[in-house]
Amino acid sequence: MLSAPSCAVTAASAALDSARRRTLALTDFDEAELTRQHSPLMSPLVWDLAHIGQQEEYFLIGRLAWGSPAGDPVFRPEIAALYDAFRHPRASRISLPLLDSRASRRYLAEVRERVLELLGGSDPLAVDPGAAGAPFVAALVAQHELQHVETMLATHQLREGAALLSGAPLPVGREVSGGFEDSVLIPAGPALIGADATAAATSLDNERPQHWVQLRAYRIGRVPVTNAQWQEFIADGGYRDGRWWSPDGWAHCVREQLTAPLFWTPDEAGGWTRRRFGVTEAVPAAEPVQHACFYEAEAYARWARARLPTEQEWEQAAAGSTGAAANLGGAALRPAPVGAYPQGASAYGVEQLLGDVWEWTSSTLLPWPGFQPMIYDNYSAPFFGPDYRVLRGGSWATDPFAVRTSFRNWDLPIRRQIFTGVRLAWDA
């Protein structure tokens, strides 16, 4: 029987391996495909490929070698600097002297070989006992790679041209409205929010510490808002009526001439089509709406005589949810129809909280009381404040290893290329 430290190392190694397989599958294309910038919103895929290896080396070799000699750096300093996400905005990365895909894969393999040697000989509690040591750092690196896997899927969605990826089938849904008539009442009372460092050893700094909050009673949609419901909003002039929008949201809507979620196009019959990974298809009525920004989500909620949930409300409603019955892992390339995963409902009976689409909340990203940075200061802290809105739950592209009910994602309220959707809430 493996000891607890050995189990932790084995689990961390398995997560690293799973993440790498997904990375390589999404970058198994020719040089022209990988070096093209499909949108200024995203990096060329070859940048993500090498950045993943550079970050793995920084955390698991250069900085945390656990007393073992790290040897010469895999990424020379001048090369490593090209993959500093804070130094180089996405729009400018195409102009950098990046490694080609062959060199990037060679670096990835060399870094991973050294990492596995270090993991195999490490004392998992020697580096940082408060964060579970080497297995925690390896899990952090795996989660970082999986986040880039989702980013690379967003890049694939933005690219023009014939399809490169194909999706797996999903379970069928059932008739669930997601509106007030089929909402779930969450009673007033204390709610346990955040992650416990012992029970959720791979949780990140912005999820900790776990703490109690007092919440008023509210109702929340049993399922996310669907494409059919969103089309009603469009048909009712939702994108032309400023009374549903916040001042900032309406200014953005007018400036960007928003008329529908990203990738939607009106057809000659009065309906809508969408482009999904190189394929044009009719917008599926029963799927959760996807590629709506926070401002659109906020406007839709007002139009529907509802609001967006706070992130604390969302997390309370998600209590008991697991990824065991959810659309995660990226194989489907799309959200599942609403009602497809009743067996994955939370303790309150709320469905599809994990997977399918990231769900906008009304909350800005702020630290939980007692927040302490982990490993390095710049994972969460630079983003705290009024600029970023919190998303919860993961999407169909999110890996099961990288999603928890306590996990907090965030982005600017204008972002639509990510796999975002909407769930409604109401005061009770």
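Which strand gives the largest share of the lining of the largest cavity? In this predicted model, that share, three residues, comes from strand S6, which covers residues 272-276.

## Overall architecture

The protein is built from ten helices and twelve strands. Its radius of gyration is 22 Å, close to the 22 Å that the globule rule gives for 428 residues, and the protein is therefore as compact as a globular protein of that length. Along the principal axes, the C-alpha trace spans about 65 × 50 × 40 Å.

Of the 428 residues in the protein, 56% are buried. When contacts with a separation of 6 or more are considered, residues 24 or more positions apart account for 80% of them.

## The largest cavity

Three cavities of 30 Å³ or more are present in the structure, and the largest cavity has a volume of about 100 Å³. Its lining consists of 14 residues, and those nearest the centre are Gln157, Arg274, Arg276, Gln290 and His291. By residue class, the lining of the largest cavity divides into seven nonpolar, four polar and three charged residues.

## Arg334 and its partners

Two of the residues that lie nearest the centre of the largest cavity, Arg274 and Arg276, are also among the residues touched by Arg334. Arg334 lies in the loop that runs between helix H10 (311-317) and strand S8 (358-364), and it counts as buried because its relative accessibility is 18%, which falls under the 20% limit for that class.

The side chain of Arg334 makes polar contacts with two glutamate side chains, that of Glu281 at 3.2 Å and that of Glu287 at 2.8 Å. Residues up to four places away in sequence aside, Arg334 also touches Leu170, Pro284, Asn327 and Trp396, among others.

## The second largest pocket

The second largest pocket holds about 340 Å³ of space, and helix H8 (247-256) and strand S5 (264-266) are the elements that give two or more residues to its lining. The lining of this pocket comprises 16 residues, with Glu256, Leu258, Leu262, Ile414 and Arg416 lying nearest the centre. Divided by class, the lining residues of the second largest pocket are eight nonpolar, five polar and three charged.

## Cys293 and helix H9

Ile414 and Arg416, which lie nearest the centre of the second largest pocket together with Glu256, Leu258 and Leu262, are also in contact with Cys293. Cys293 is found in the loop between strand S7 (279-282) and helix H9 (294-303), and with a relative accessibility of 0% it counts as buried. Beyond its neighbours within four places in sequence, the contacts of Cys293 also include His252, Trp360, Pro413 and Arg415. Tyr376, by contrast, lies 83 residues from Cys293 along the chain, and the C-alpha atoms of the two are separated by 30 Å.

Helix H9 is largely enclosed by the rest of the structure, because nine of its ten residues are buried. Just after H9, Arg305 takes a positive phi of about 60°.

Notes
Residues numbered from 1 in each chain as written. Predicted model: local features only at pLDDT ≥ 70, side-chain atom pairs only at ≥ 80, totals over all residues. Heavy atoms only, no water. Helix = DSSP H or I, 4+ residues; strand = E, 2+ residues; numbered from the N terminus. Buried < 20%, exposed > 50% of the residue type's maximum accessible area, 1.4 Å probe, protein only. Polar contact = N/O pair within 3.5 Å; in protein donor to acceptor, adjacent residues only side chain to side chain. Contact = heavy atoms within 4.5 Å. 1 Å grid on protein atoms, 1.4 Å probe; cavity = no way out; pocket = protein on both sides within 12 Å on 5 of 7 lines; lining within 4 Å. Points joined across faces, edges and corners; volume = space filled by probe spheres on them. Nonpolar A, V, L, I, M, F, W, Y, C, P; charged D, E, K, R; others polar. Rg over C-alpha atoms; globule rule 2.2 N^0.38 Å.
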